[in-house]
Amino acid sequence: MEIQTLLLFVVASLSINLIPGQDVVYIVSNTMAGKLKMGLRAATGLGVGYFVHTFAAVFGLSAIIVNSAVAFMAVKYLGAAYLLYLGICALRNFFSGNSKINIRASDAGNNINVFKQGVMVAVLNPKVALFFLSFLPQFIDPTAASPEYQLLVLGVVFCITATLCNLAYAIVGSWLFSSAKSQRFSRVIEGTSGVLLIGLAGKIALSRE
């Protein structure tokens, strides 16, 4: 795997993971409702759930690559279309001034075992599975000797970056989203990420591979 591709993947992963969404609401609401350790447990639990989706995507996409190059390209371009959709939605929120994030302490889980809840929130979210199937194929070379290894490396890197971002949200979330600047911050992140996602989708559509 080329280092340039890996660096591009890291940048794209960070831009996506920084978008405030359902997982961020879960993390910050637990931080606001309890102590910082509750937010950290929620972030760690979500990270474990991401690994479950990673392994499922690796095995599923690997089977597609082995059996049909045409099917894999179809998945790749459908995934690019999905990333384009996510980018457009992020830009729409940016220009409309409406942020998706609306965090309240009441959104926190009632069970004291926040870690297990975090795992279930991630594993049972079909949007996470759809995202992994859409995102990972955009950065691999299916003609390489081991596309499965590429998928696994990218999946692990994504899970690590996602967990680091979630831990950061747990640490600064209660302060950030209780301030007047929270909506502005959310809009800037969504706008930047929307541009990157649309650019990635365009790069895929114009690629000769």
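Predicted model: local features only at pLDDT ≥ 70, side-chain atom pairs only at ≥ 80, totals over all residues.
Residues count from 1 along each chain as its sequence is written. Local features need pLDDT of at least 70, side-chain atom pairs count only at pLDDT 80 or more, totals for chains, interfaces and linings use all residues, and side-chain values use heavy atoms, without hydrogens and water.

**Helix α1.** Select residues 3-17. Helices are DSSP runs (H or I, at least four residues), numbered from the N terminus. Buried residues here include Phe9 and Ile16 (buried: under 20% relative accessible area; exposed: over 50%; partly exposed: in between; 1.4 Å probe, protein chains only).

**The rings.** The whole structure has five aromatic pairs (Phe, Tyr or Trp rings, the six-membered one for Trp, with centres within 6.5 Å; planes under 30 degrees apart are stacked, over 60 edge-to-face, the rest tilted). Show phenylalanine 9 and phenylalanine 135: centres 5.3 Å apart, planes at 35°, so the pair is tilted. Phenylalanine 9 sits in α1 and phenylalanine 135 in α6, so the pair ties together parts 126 residues apart in sequence. Next, take phenylalanine 132 and phenylalanine 158, an edge-to-face pair at 5.2 Å and 80°. Ring pairs join Phe9, Phe132, Phe135, Phe139 and Phe158 into a cluster.

**Helix α7.** Select residues 147-176 and find valine 172. At 38% relative accessibility, valine 172 is partly exposed. Cysteine 159 is buried, at 0%.

Technical notes
Helix = DSSP H or I, 4+ residues; strand = E, 2+ residues; numbered from the N terminus. Expected span 1.5 Å × (residues − 1).
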